Amino acid sequence: MGKGSMMPETSVAGRLSVGGTLKSPLPVALYKGTAFVASTDRLQAVDTATGQITATVTPRAKAVRPGEWDDTPLAAAPVLATTRGTQTVITPFVVRQTGTGTQADHTAVEVTGTDAATGKVVWRLTFRPPQWDDVYSGLRASVTGADKGVAVVRVSSASGDHAIAYGIDLDSARQAWTIDRFQATAVAGGAVVGTALDDTVGVDQRPAGYDLTTGKRRWQGGHSTDVSAAPAGPTVVRVSGQDYDSGDAYDRLVDPASGRTVRTVPTNLAGTTCTYDDRSTLVCSGEGAQSQVAYGLDASTGKVLWQLPDQQADRIAPTVTAAWHGRVYGTTDHGPVALDARTGKDLPNPGVAPFLVNESAGLALDKGGSNLIAYPTSS
């Protein structure tokens, strides 16, 4: 099998119990043979070969748990970044800090940096976001991404009407900048891109990009509704929305540092989500303009490399679950499939459709959705 392929299901390395039903998007990061699984009150390092928990990281303050009515994901995925030459797992926790004297209790976000190799915490940093409302369990925190020695933490209200972004200098483990009224959703090309909220209730939106080192605004788009910005590889981001004045929808790949349009996404491929294969290709799938579609884009130019369905070749479009180093994993009604990321051609059946893959393992969910199953990758 080619590099990154899955072994047959009979070669399952381990069943990783994480306690409770997981919700998409899954709060998991992979580093070599270790899966880092986040929840609202802890980060667990799990050996994918044995299923054993090798380290547990918890916040110093008491973690805030969402109420039973909350159907959003319980935690965001940790992010791997380089801190002082070390691969570090960055994880945010929403916590409740106890006041003293006349100072009231308040909600904060505690961010931990954990050595990916040892599972030991190397730094902690706490932010106290604005108090947008009294329902502190509704606060959301996630790491948008990291690049050029800076990590971006997004904190927002449950509704998304309020948001703030913090930049962390990873060399000094200190706060580098703050951008208020900004929903940061993508980091690439030395910039952080997302939605600028021009008023206090999130009605007036603009796509915008800020310098990753200084936090200063680099560009800003026009007034829009339903703005979305998503990662699309190391040099471009995908920005979509609807122009407020004309009502025209837009969906484009842009240069994150300038906002310049690199390529407009074809209208028949709109409504899809994409993943970068950590090499050269952006692979996307979803409900297109008329039916289920899947396609590959060159991560630098945005050129369409292939797309499915292909009626002439009698081929259908899979639902993509993961892409890594030139290989695409997904499912159809016939079961798991694998494709070549650059050509879209079928590869040998992998036996499983993982949602996360690296050089050591692929992770999938069991049918009950409460356990991760680790499959070894073969070379």
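Asp346 counts as exposed, at 54% relative accessibility, where exposed means over 50% relative accessible area, buried under 20% and partly exposed in between (1.4 Å probe, protein chains only). Asp346 forms a salt bridge with Arg315, and the closest N and O atoms of this pair are 3.5 Å apart. A salt bridge here is a side-chain nitrogen of Lys or Arg within 4 Å of a carboxyl oxygen of Asp or Glu. The pair links distant parts of the chain, 31 residues apart: Arg315 sits in the loop between β27 (304-308) and β28 (319-324), and Asp346 in strand β31 (residues 346-347). Strands (E, at least two residues) and helices (H or I, at least four) are DSSP runs, numbered from the N terminus. Arg315 is partly exposed, with a relative accessible area of 21%.

This is a predicted model, in which local features need pLDDT of at least 70 and side-chain atom pairs count only at pLDDT 80 or more, while totals for chains, interfaces and linings use all residues. Residues are numbered from 1 along each chain as its sequence is written, and side-chain values use heavy atoms, with hydrogens and water left out.

The whole structure holds 6 salt bridges. One of them joins the side chains of Arg124 and Glu110, at 2.8 Å from N to O. Glu110 is buried, at 3% relative accessibility, whereas Arg124 is partly exposed at 27%. Another salt bridge is formed by Arg238 and Asp251, with the closest N and O atoms 2.7 Å apart. Because Arg238 lies in strand β21 (residues 237-243) and Asp251 in strand β22 (residues 249-254), this pair ties together parts that are 13 residues apart in sequence. Arg238 is buried, with a relative accessible area of 9%, and Asp251 also counts as buried, at 14%.

Asp340 makes a polar contact with the backbone. It lies in strand β30 (residues 335-340) and is partly exposed, at 24% relative accessibility. A polar atom of the Asp340 side chain lies 2.9 Å from the backbone nitrogen of Arg342. A polar contact is a pair of N or O atoms within 3.5 Å; within protein, one must be able to donate a hydrogen and the other to accept it, and residues adjacent in sequence count only if both atoms are side-chain atoms. Not counting residues up to four places away in sequence, Asp340 touches Trp306, Gly326, Val328, Lys345 and Leu347, contact meaning heavy atoms within 4.5 Å. His325 is 15 residues from Asp340 in sequence and 9.6 Å away in space, C-alpha to C-alpha.

Next come the nonpolar cores. A nonpolar core is a set of buried Ala, Val, Leu, Ile, Met, Phe, Trp, Tyr and Cys residues joined through side-chain atoms within 4.5 Å. The largest has 21 residues, of which Ile90, Val111, Trp123, Val155, Ile168 and Leu170 touch the most other members. At least two residues of this core come from each of β8 (79-83), β9 (86-97), β10, β11, β12 (140-147), β13 (150-156) and β14 (163-169). Leaving aside neighbours within four places in sequence, the contacts of Ile168 include Val111, Trp123, Leu125, Phe127 and Val153. Another core, of 14 residues, lies apart from the largest one, and among its members are Ala61, Val89, Val95 and Ala116.

Val193, in strand β17 (residues 191-197), counts as buried at 1% relative accessibility. Beyond four places in sequence, Val193 touches residues including Phe182, Ala184, Trp219, Val237, Val239 and Pro256. Val193 and Pro207 are 14 residues apart in sequence and 7.4 Å apart in space, C-alpha to C-alpha.

Strand β5 (residues 43-47) is largely enclosed by the rest of the structure, because 4 of its 5 residues are buried. Two strands pair if DSSP finds at least two bridges between them. Strand β4 (residues 34-38) pairs with β5 in the antiparallel sense over 5 bridges, with Ala35 bridged to Val46 in β5. A hairpin of 4 residues joins β4 to β5. β5 also pairs in the antiparallel sense with strand β6 (residues 53-57), over 4 bridges, and there the partner of Ala45 is Ala55 in β6. The hairpin of β5 and β6 has 5 residues between the strands, and in it Gly51 takes a positive phi near 80°.
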